[in-house]
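Please look over the sequence and the structure below. The notes that follow are grouped by topic.

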Amino acid sequence: MRRGVVGRLICGRDGLGRTMPDNACKGYRPVITDSHPATFAARLSVAPMMDWTDRHCRFFHRLLTRRTRLYTEMVTTGALLHGDVPRHLDFNEQEHPIALQLGGSEPGDLAQAARLAQQWGYDEINLNCGCPSPRVQRGAFGACLMAEPATVADGVKAMRDAVSLPVTVKHRIGLDRCESYDFVRDFVGWVSQAGCDTFIVHARNAWLQGLSPKENREIPPLRYEWVYRLKRDFPALTVVLNGGVSDEVQIHAHLQQLDGVMVGRQAYHQPAWLASWDGEFFGDPARELEIDAIEEAMVIYMEQQAARGVAWAAVARHILGLRNGQPGARRWRQVWSDHRLKALSPAQVHQRARQALQSMAA
Ligand SMILES: Cc1cc2nc3c(=O)[nH]c(=O)nc-3n(C[C@H](O)[C@H](O)[C@H](O)COP(=O)(O)O)c2cc1C
């Protein structure tokens, strides 16, 4: 892999000037408009998370929020072009709007994978330029592509030529100990020249050596100001911030500066939070969160999946955070994660979970 070919200077502005006032978000409600559909669609999303945001998880999230954009786990072009396509690409109709995240770097492979995504009915293709895992580095894609903006640009162009879907890029703000804003600015500048107009920025560096993927989501410091600066330097681009967002106050604050916010771990661990998003961020009428009804809908879904040979536990693992904070939630969770019950039907496990909840609550 070629390394260290960092882009030429494309954007001359240094972006100095505006800073976000303290507590700027207090009492703030965004003016919601559909007038720029692309930007509106990017307003809020749940992050791609390997092993977590599979189709069952996304079905669950979609019960909680109709508007939020959902992302698949990363699917590599190799797995897609040489593997079981339906296994990687099938999704439930209800999941729209849904983006497929691809991992890869060869323009021809990316174009072919993009065509498949379009045939399958995805709404967006997202290229992973943020994953630092050793396996992904060995494949010369993910975060290490940030050192190769020309390769990313070629991949983006190949996908855009192949399909009519929006092609977006998710990336970090730098690699290793690079402390220069110019690096990410030049990356965005270069890739945007290839026709990418939406950048999802995980606001910390990826350290390619010495940190596990998990540590790479925690240890490199968050620099939100650099993401704001990207938006100021490239006002025509759609810029979405990701990393460390855990409540609506933060989301409102970021939305004052940016086009969108992507939430990962907090959305997964506290799924009930998603139920307020359509009202809070998309201007829909507020909905009461009906946890019992959501659980019942998931049980019906588990029964449908069981008829296709999917174990209920493969679905139930995603709903374990649903009752966080409720009395009895721990016992309820224990039932839904008890693999000794695997021979029972989802309806039977549900009954036990309800009993556990009620006995603890009583
Ligand atoms: C279990 C897990 C798996 C992840 N897998 C991916 C992935 O496949 N593609 C990707 O771009 N990011 C992946 N990420 C990173 C998230 O998309 C996100 O950038 C990161 O968690 C920071 O956002 P957060 O602080 O809101 O969680 C993963 C994160 C987690 C926790």
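The model is predicted: local features need pLDDT of at least 70, side-chain atom pairs count only at pLDDT 80 or more, and totals for chains, interfaces and linings use all residues. Numbering starts from 1 along each chain as its sequence is written.

- Helices (H or I, at least four residues) and strands (E, at least two) are DSSP runs, numbered from the N terminus.

**The barrel**
- Eight strands form a closed barrel with parallel pairing, in the order E1-E2-E3-E4-E5-E6-E7-E8. Two strands pair if DSSP finds at least two bridges between them.
- Strand E5 (residues 167–171) and strand E6 (residues 198–202) run parallel and are joined by three bridges.
- In this pair, Val-169 stands opposite Phe-199 in E6.

**The nonpolar cores**
- A nonpolar core is a set of buried Ala, Val, Leu, Ile, Met, Phe, Trp, Tyr and Cys residues joined through C-beta atoms within 7 Å. Buried means that 20 or more other C-beta atoms, placed from the backbone, lie within 10 Å of the residue's own.
- The largest such core has 75 residues, and Val-156 and Val-240 are among those with the most contacts inside it.
- A second, separate core has 18 residues, including Phe-59 and Trp-332.

Technical notes:
Buried ≥ 20, exposed ≤ 12 C-beta atoms within 10 Å, placed from the backbone.
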